[in-house]
Amino acid sequence: MQSQVTQQLVAAIKAQSLDGVRLALNAGANPNAYVGADSMLGLHSDAEWEITDRYSETWLGILRALLESGANPNQSLVSHRGEPELMLHALSQFGVVPGIRLMLEFGADPNLLQDSDTALDIQSFDQCFTETCQLPDEYKGRVLPEYPLPTTNECDEHDGLVYQRWLMSQHQRAHAVLRKAGALHAWELKSLSMKRYAYTPTPQAACSHR
């Protein structure tokens, strides 16, 4: 049975009402509650219609309000699957730099795995696809300036240059932000783990390094 304040929080998230979210959280709604299979972060992740919606002051404001109220940045967006689905990965897929920074600020682990992929794996794959399959040759291999947010019509034309050029510039910035936060590819994590396992100093070796 959902509490009344939980119902208020769910309704506010679905309606993308920042004031409603704040009121429900201030009334004691649990930002880590699950409703059916969805966490509060999961509901919020599904509340946008376009990629660019995640850049709006309202969407980012709701994300910040949930995190400030104690939402676990490493909580799975869904509860019924074996593998977690994580907000940082969802934002990294489309290079949503403001959201990525917000998640990292509140303690999101950039090296958690989702279906054997880190956030950097997902971000890098989509960046590569955008560059090699969508951009004209003149833009490939270049560091692009930050382009303004596309209009609704430009977003609807997903194969249009304006949208893809903007998306590529976002991915390049997202890659830098993740790397600065210590994000690794899954193969790098595995390699690092193997190196640590391969070198396990004996008590005598440990003493000799003191």
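Before that, a word on what you are viewing. This is a predicted model, in which local features need pLDDT of at least 70 and side-chain atom pairs count only at pLDDT 80 or more, while totals for chains, interfaces and linings use all residues. Residues are numbered from 1 along each chain as its sequence is written, and side-chain values use heavy atoms, with hydrogens and water left out.

Let us start with the overall picture. The protein chain has 11 helices and two strands; here helices (H or I, at least four residues) and strands (E, at least two) are DSSP runs, numbered from the N terminus. Read from the N terminus on, the order of elements is α-α-β-β-α-α-α-α-α-α-α-α-α. Taken along the principal axes, the C-alpha atoms fill a box of roughly 60 × 50 × 30 Å. Of the 210 residues, 45% count as buried, where buried means under 20% relative accessible area, exposed over 50%, and partly exposed in between (1.4 Å probe, protein chains only). Among contacts (heavy atoms within 4.5 Å) between residues at least 6 apart in sequence, 70% join residues at least 24 apart.

H2 and H4 pack at an angle of about 10°, with their axes 9 Å apart. Axes are lines fitted to C-alpha atoms, for helices over the stretch in contact, and angles run from 0 to 180 degrees between N-to-C directions. H2 is therefore roughly parallel to H4; the classes are roughly parallel for angles under 35 degrees, roughly antiparallel for those over 145, roughly perpendicular for 65 to 115, and oblique for the rest. On the H2 side the contact is made by Leu-18, Val-21, Arg-22 and Leu-25, and on the H4 side by Gly-61, Ile-62, Ala-65 and Leu-66. By class, this contact has six nonpolar, one polar and one charged residues. In this scheme Ala, Val, Leu, Ile, Met, Phe, Trp, Tyr, Cys and Pro count as nonpolar, Asp, Glu, Lys and Arg as charged, and the others, Gly among them, as polar.

H4 also packs with H6, at an angle of about 5° and with the axes 11 Å apart, so H4 and H6 are roughly parallel to each other. Leu-60, Leu-63, Arg-64 and Leu-67 of H4 meet Pro-98, Gly-99, Leu-102, Met-103 and Glu-105 of H6. The residues of this contact divide into six nonpolar, one polar and two charged. Leaving aside neighbours within four places in sequence, Arg-64 is in contact with Leu-102, Glu-105 and Phe-106. Arg-64 and Phe-106 are 42 residues apart in sequence, yet 8.9 Å apart in space, C-alpha to C-alpha.

The side chain of Gln-114 reaches the backbone nitrogen of Leu-86 at 2.7 Å. Not counting residues up to four places away in sequence, Gln-114 touches Pro-84, Glu-85, Leu-86, His-89 and Ile-122.

Next come helix H7 (residues 119–134) and helix H9 (residues 161–180), whose axes come within 10 Å and cross at roughly 150°. H7 and H9 are therefore roughly antiparallel to each other. Six nonpolar, nine polar and three charged residues make up the contact of H7 with H9. Among them are Gln-123, Gln-127 and Thr-130 in H7 and His-171, Gln-172 and His-175 in H9.

Our last stop is His-185, in the loop between H9 and helix H10 (186–198). With a relative accessible area of 13%, His-185 is buried. The side chain of His-185 makes a polar contact with the side chain of Asp-121 (2.8 Å). A polar contact is a pair of N or O atoms within 3.5 Å; within protein, one must be able to donate a hydrogen and the other to accept it, and residues adjacent in sequence count only if both atoms are side-chain atoms. Leaving aside neighbours within four places in sequence, His-185 is in contact with Thr-118, Leu-120, Asp-121, Ser-124 and Arg-179.
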